[in-house]
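Trainee: I have a model open and want to learn how to read it. Could you take me through a few features?

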Amino acid sequence: MPNDRMTRLTTVLLLIFTFTSHLTEVLAFPAYGSLAGLSEEELAMIIPTLEIRKGPPPDIHAKPDNIGVPVLVNDADHPYVPPGPGDIRGPCPGLNTLANHGYLPHDGVASPKEIVDAVMTGFNMGADIAALVAYAAHLGDGNSLTDKLSIGGARDGSRGLNFHGTFEGDAFFGDNHSFNETLFQKMQAEADPIFDTFNIRIKDGISGNPKFAFNHIRYPAGYAESVFTYLLFRHPWTALPAVKMDVIRTFFQDGKMPDGFHRAPLPIGMLEIAAEVVALWGQYPIVLPGHNEDGIDTYRVNLTSPTLITWCWIYGDYIENTVLRLYPNPTGELRTALKRNLVFFHLPFAEVGCPPIFPYGPPTSEAEGLMDQAEVEGVVDQTQAPVSSGWYSGYSGRVWDALVRTTTCWA
């Protein structure tokens, strides 16, 4: 009898300990923590603790002041301040640099709209490609309810841009939070430091990483990130007549703009990046999208993955292979927030003729106002289409025809 009482007491204490430990984790859940992959039970405990915020829509036609002239961006209003112990930094040297210079919040937590504004003001990235990248990252690694995104991760392991396979992935060009001196030295030895290094990274991945994957969103993103780095550094208005390795080091290792750094006078948008991506692929027709199938040097082409500048294919593939995989059946406020952010994600794709796709049903009337009513009337509702059947299986003829037509759209 005493043993039975002791067993029951031990069980009760264990249950109490488990519950309080889980409750502590929930109460400590950061506002920027991604809700992707959490169970219904976890979401039910976490969501009531969050302050829900509806972020404003991006203006994909916006331009910073003083277009057409070089603008000093490492100025007195934006001095370099290195990150402190509680500040978050991640895999994108550009975002790290913008946070260190005060164009983004110094703690490394921002809204997607803040990221769009920062890359426009600090680098003159076009508003269209800025919105595309920011909302893709937000849907994959941010928190749609709080409108917050970590540019890295967090000490508690919360998902952010550090998470492998969405924003950060194989053949990633820059990784400032773990600077690779060996790679930098290889890069320094190349005639064309940026593009030659990109080529080497892919070849090294195929021959050295048994799980190397370079398809879906990572394929076009891998080319685009290298191109943007090249466009950012190559222009004479930066007071740098050619790409200089000491300048690249300051960005990638220290997250710091060099003295006298000027942003590009004209926006670097989807059209500019598309043209350079095509030129890069022509110079280095390395591989088609694919992955190592069975260990190193077993690279196989993935025919279901979008290729370069196939904007509508990239758009639909990201929804199918990232958003729906991370959020297969969201409900309530989370579903509403995802629908709203999917509207924002679609805005730059609408500029190149991509029809909207809403896997969780038509958007709310508030978000719907951002779209042309003709688009809304023919909107794709994938709520009844099983994910495993392919994102195109339940679509109307109008949408499928548009998608086929625009997979060969080179902007």
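This is a predicted model: local features need pLDDT of at least 70, side-chain atom pairs count only at pLDDT 80 or more; totals for chains, interfaces and linings use all residues.

Trainee: At what angle do helix α5 and helix α12 pack?

Mentor: Axes are lines fitted to C-alpha atoms, for helices over the stretch in contact, and angles run from 0 to 180 degrees between N-to-C directions. Helices (H or I, at least four residues) and strands (E, at least two) are DSSP runs, numbered from the N terminus. Here α5 (residues 127-141) packs on α12 (residues 332-350) at about 150°, and their axes are 8 Å apart. The two are therefore roughly antiparallel, a term for angles over 145 degrees.

Trainee: Which residues of α5 and α12 meet?

Mentor: Contact means heavy atoms within 4.5 Å. From α5 come D128, A131, L132, Y135, A136, H138 and L139; from α12 come L338, N341, L342, F344, F345, P348 and F349. The residues of this contact divide into eleven nonpolar, two polar and one charged. Ala, Val, Leu, Ile, Met, Phe, Trp, Tyr, Cys and Pro count as nonpolar, Asp, Glu, Lys and Arg as charged, and the others, Gly among them, as polar.

Trainee: Is N124 buried or exposed?

Mentor: Buried means under 20% relative accessible area, exposed over 50%, partly exposed in between (1.4 Å probe, protein chains only). N124 has 0% relative accessibility, so it counts as buried. N124 lies in the loop between α4 (112-123) and α5. Leaving out residues up to four places away in sequence, N124 touches residues including P64, V119, R263 and I268.

Trainee: How many aromatic pairs are found in the whole structure?

Mentor: A pair of aromatic rings is described by the distance of the centres and the angle of the planes. Centres must lie within 6.5 Å; planes under 30 degrees apart count as stacked, over 60 as edge-to-face and the rest as tilted. The search finds 15 pairs. F251 and F261 have ring centres 5.4 Å apart and planes at 65°, so this pair is edge-to-face. F251 and F261 are both buried. Elsewhere, ring pairs link F198, F212, F214, Y219, Y223 and Y299 into a cluster.

Methods. Residues are numbered from 1 along each chain as its sequence is written. Side-chain values use heavy atoms; hydrogens and water are left out. Angles under 35 degrees count as roughly parallel, over 145 as roughly antiparallel, 65 to 115 as roughly perpendicular and the rest as oblique. Rings of Phe, Tyr and Trp (its six-membered ring) pair if their centres lie within 6.5 Å; planes under 30 degrees apart count as stacked, over 60 as edge-to-face and the rest as tilted.
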